[in-house]
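Student: I have a model open and want to go through it with you. Can you start with the terms and then take my questions?

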Amino acid sequence: MINIPKGTKDVLPQDSYKWQYVEDMAREVAGLFNLKEIRTPTFEHTELFQRGVGDTTDIVTKEMYTFKDKGDRSITLKPEGTAGAVRSFIESGLINGVLPAKMYYITPAFRYERPQAGRLREFHQFGVEIFGSKSAQTDAEAIVMADTLLKKLGLNVQLYINSIGCPTCRAAFNKALKEFFEPHLGELCYDCKTRFEKNPLRLLDCKEDACKKINVAAPSILDYLCEECAEHFEQLKACLDLAGVSYIIDPRIVRGLDYYTRSVFEFVSTSIGAQGTVCAGGRYDGLIQQLGGNPMPAVGFAAGIERLLIMMEQTGVVIPEPAKPTVYIAGMDGECRKKAFELAIALRKNGVFVEIDHMERSVKAQFKYADKLGAKYVAVIGGNELAEGVMNVKNMSDGTSEQVSFDAALTYFQNK
Ligand code: ATP
Ligand code: MG
């Protein structure tokens, strides 16, 4: 017996409707905001993520699934969706087309992490990217879109926002951070010592308790924003107020990617504990240029589908179950079964949801099975019925029965 790899999950046939529900909602909301779907490969050249996610991030330093292919190229399974979308946006020439370019994706993502509830090695994201607009209203639109989806899914979440400024204001902030953390260097975790040298902003993102304790008293980026970044943040807040989306300003949100600028945000649930962030994003005005395009502003977010589903379950959201068969046609013997098969084909051609026997069960056992399937009607064809060209149709909800001729079957079941 070969088992499933650690950190991965099957979605079984009886559960897939829950995934489809969330995906359908995501597509519907994306459509309302005029986003079109983009699909990019599951693997890319490793360098794309090194440059696009940032080589001081957790993702690139320790979480990527990277291997050499048979042509000796370094390949990486996508750990997130933004880098691929940006690569494609540049490579396809859409970057020279009509702006803004608004797109979404639903994709698997791969990260070598310690598996826990809501933290997998293969997980799935619904993500959104809007390229070309620098307006804070666009940041707000992305946030409102995420908020719309979360509410549609029946979830109660708290939105946290922050601004991490631009490279100019961040230089001053990094200096202040280094001054603050310097006396605490001995108490910081191993990773944070590297962060201190390479990218002090990352220190604020550490999940180790010891580091978190020190972080509480760290300087706030909001005190270091340049005039334009401060103005942009004010505009974002004004747009969110206008949209009626409530938020908490949390100056410690910095996000896991290196190329975020200005707005960053997270939607957090209190109910799944440590893995409470279901949706996160922000503005990344430096990324497109970083990946070889002309400088172009961009904003986006990604929501983890597994975490959404966990939260929905914990919240008690009832997801509508898939439709049940309209009719189960049971045949008593070989000839009757043949007729059932023929009728099923004709009815399905006309859009009627039909099931028949595949296990050569007795009529009694077929009835039991049809009931388990939740079929609305069970039609029985016995020897006499076959001779007369009719079937005995039982309405499973009220127990009544009537005879329906083979010729009338379509009209009978079509609108049931
Ligand atoms: P975390 O801080 O929880 O590790 P992150 O900052 O690494 O999250 P992002 O890269 O922003 O996460 O990804 C966006 C969303 O994808 C997250 O908010 C979360 O819902 C989901 N996600 C990220 N990593 C995983 C994972 N390993 N398993 C399941 N979902 C994940
Ligand atoms: Mg992470």
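Tutor: Helices (H or I, at least four residues) and strands (E, at least two) are DSSP runs, numbered from the N terminus. This is a predicted model, in which local features need pLDDT of at least 70 and side-chain atom pairs count only at pLDDT 80 or more, while totals for chains, interfaces and linings use all residues. Residues are numbered from 1 along each chain as its sequence is written, chains are lettered from A and ligands numbered from 1 in the order in which they are written, and side-chain values use heavy atoms, with hydrogens and water left out.

Student: Where is glutamine 125?

Tutor: Glutamine 125 is in strand β6.

Student: Is glutamine 125 buried or exposed?

Tutor: Glutamine 125 is buried because its relative accessibility is 9%. Buried means under 20% relative accessible area, exposed over 50%, and partly exposed in between (1.4 Å probe, protein chains only).

Student: What is glutamine 125 in contact with?

Tutor: Leaving aside neighbours within four places in sequence, the contacts of glutamine 125 include Glu80, Tyr105, Arg111 and Ala302. Contact means heavy atoms within 4.5 Å. An N or O atom in the side chain of glutamine 125 also lies 3.1 Å from an oxygen atom of ligand 1.

Student: OK, the ligand then. How many residues surround ligand 1?

Tutor: The shell around ligand 1 has 16 residues, and the closest are Arg111, Glu113, Arg119, Leu120 and Arg255. A residue is near a molecule if one of its heavy atoms lies within 4 Å of it.

Student: Which atoms do glutamate 113 and leucine 120 bring to ligand 1?

Tutor: Glutamate 113 has a side-chain N or O atom 2.6 Å from a nitrogen atom of ligand 1. Leucine 120 has a polar backbone atom 2.9 Å from a nitrogen atom of ligand 1. The protein covers 90% of the 580 Å² of accessible area that ligand 1 has on its own. Those areas come from the Shrake-Rupley method with a 1.4 Å probe; for residues, only the protein chains shown count as cover.

Student: Which element gives the most to that shell?

Tutor: That is β10, with four residues. The strands β6 (122–131), β10 (277–283) and β11 (298–304) each supply at least two.

Student: And by class, what is in the shell?

Tutor: Six nonpolar, four polar and six charged residues. Here Ala, Val, Leu, Ile, Met, Phe, Trp, Tyr, Cys and Pro count as nonpolar, Asp, Glu, Lys and Arg as charged, and the others, Gly among them, as polar.

Student: Changing topic. Which members of the largest nonpolar core touch the most other members?

Tutor: Val86, Phe89, Phe131, Phe181 and Ile288, out of 50 residues in that core. Apart from it lies another core, of 45 residues, with Met145, Ala146, Val299 and Leu308 among them. A nonpolar core is a set of buried Ala, Val, Leu, Ile, Met, Phe, Trp, Tyr and Cys residues joined through side-chain atoms within 4.5 Å.

Student: Last one. What does the side chain of aspartate 357 make a polar contact with?

Tutor: With the side chain of arginine 337, at 2.4 Å. A polar contact is a pair of N or O atoms within 3.5 Å; within protein, one must be able to donate a hydrogen and the other to accept it, and residues adjacent in sequence count only if both atoms are side-chain atoms. A polar atom of the aspartate 357 side chain also lies 3.1 Å from the backbone nitrogen of methionine 359. Aspartate 357 is in the loop between β13 (354–356) and α13 (363–373), and counts as buried because its relative accessibility is 14%.
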